[in-house]
Amino acid sequence: MRLGMKSVVVTGASTGIGWGCVKVLVAGGFRVFGSVRKTADADRLSKEFGDKFTPLIFDVTDAAAVQAGAAKVAAALGNETLSGLVNNAGIAVAGPLLYLDVDELRNQLEVNVTAQLIVTQAFAPLLGADASRKGKPGRIVMITSVGGRNASPFMGPYNASKFALEGLSESLRRELMIFGIDVIIVAPGAVATPIWDKAEQVDVSRYANTPYAASLNKVKDFMITLGRKGFAPERIGRAVLRALTLAHPKVHYTVTPDPIQNMLVHTLPKRVVDNMIAGRLGLKRAKA
């Protein structure tokens, strides 16, 4: 990798949106450091993307491992700043909130919220919080979701984490202005990624004896269908590239294959949306 090439860190790079970001950023002339949890994924991505890609092996919830990854990037940068950090790694926990194992909620928030701050704190000095580094301050791109502003039944843990990440990002953007580090949100809608193949394997039978059994199956089928009609991961990667390179980026980019539906959900009165969803999923209380 030649000196002077802009560098970006992408977490959760093994598949899906993270992989799409790596592909687009490498093609756009960046050198990319991508975090993965498995050596096999590191080897596969290195072979796919060549010498513009450097794997970092860490779990985003492991602060010591994240710091070790940041040290590896620091050594590669010399005294230059890091151009970007794309906080993409995350998981999705689903289930009716009244019957959910609370430890599942804790894990959801640990990965999708707490870990995002762990990563941000580790890489912020490279982005320009350390004034001794030379070059323009970098930018942070937070991958949230359209589910970070509108919540769905049975996706409460995931929605809660993305709502929280939206708030965390806004606070960070205002706090990091002192360093010249911008924070930009990219909120995808449905994206065609391997997560939808995993959704088929989700076992909702543990909720079979709850009032939600029939509704859960409807939601599962709907999410699988929606996901397979979603954008390719590279589409999100292109939005991330714009967020990192435009002279005057917006603070929030929503990238969804159905902008009209998204607009209606955000403009209709909440009670109207509640009743629409309840009617579709069979969640309305039976009349006595």
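Figure 1. Beyond its neighbours within four places in sequence, Leu 216 is in contact (heavy atoms within 4.5 Å) with Pro 96, Phe 154, Val 204 and Tyr 207. This is a predicted model, in which local features need pLDDT of at least 70 and side-chain atom pairs count only at pLDDT 80 or more, while totals for chains, interfaces and linings use all residues. Residues are numbered from 1 along each chain as its sequence is written, and side-chain values use heavy atoms, with hydrogens and water left out. Leu 216 belongs to helix α7, which covers residues 213-228; helices (H or I, at least four residues) and strands (E, at least two) are DSSP runs, numbered from the N terminus. The relative accessibility of Leu 216 is 6%, so the residue counts as buried. Buried means under 20% relative accessible area, exposed over 50%, and partly exposed in between, with a 1.4 Å probe and protein chains only. Between Leu 216 and Pro 96 the C-alpha to C-alpha distance is 8.4 Å, although 120 residues separate them in sequence.

Figure 2. Phe 154 has a phi near 75°, a positive value in a residue other than glycine. Its relative accessible area is 8%, and Phe 154 is therefore buried. Not counting residues up to four places away in sequence, Phe 154 touches Ala 94, Gly 95, Pro 96, Tyr 212, Ser 215, Leu 216, Val 219 and Leu 283. Phe 154 and Leu 216 are 62 residues apart along the chain, with their C-alpha atoms separated by 7.4 Å.

**Figure 3. Ser 161 in helix α5.** Helix α5 contains Ser 161. With a relative accessibility of 0%, Ser 161 counts as buried. Residues touched by Ser 161, leaving out those up to four places away in sequence, are Gln 108, Leu 109, Asn 112 and Val 113.

Figure 4. Strand β2 comprises residues 31-36 and is mostly covered, 6 of its 6 residues being buried. In a regular strand, side chains alternate between the two faces of the sheet. In β2 both faces are covered: Arg 31, Phe 33 and Ser 35 are buried on one side, as are Val 32, Gly 34 and Val 36 on the other. Strand β1 (residues 7-10) pairs with β2 in the parallel sense over 4 bridges; two strands pair if DSSP finds at least two bridges between them. Within this pairing, Val 10 is placed opposite Gly 34 of β2.

**Figure 5. Strand β5 and its pairing with β4.** Of the 5 residues of β5, 5 are buried, and the strand is mostly covered. Both of its faces are covered, with Arg 139, Val 141 and Ile 143 buried on one side and Ile 140 and Met 142 buried on the other. Strand β4 (residues 84-87) runs parallel to β5 and is joined to it by 4 bridges. Gly 84 has Arg 139 as its bridge partner in β5.

**Figure 6. Ser 132 in the loop between α4 and β5.** Ser 132 is located in the loop that links α4 (102-129) to β5. Its relative accessibility is 56%, so Ser 132 counts as exposed. From Ser 132 to Leu 216 the C-alpha to C-alpha distance is 53 Å, and the two are 84 residues apart in sequence.

**Figure 7. The protein chain as the setting of these views.** The protein chain has 10 helices and 7 strands. Its radius of gyration is 20 Å, close to the 19 Å that the globule rule gives for 288 residues, so the chain is as compact as a globular protein of that length. The radius is taken over C-alpha atoms, and the globule rule is 2.2 Å times the number of residues to the power 0.38. The C-alpha trace spans about 70 × 40 × 30 Å along its principal axes. Of the 288 residues, 47% count as buried. Among contacts between residues at least 6 apart in sequence, 71% join residues at least 24 apart.
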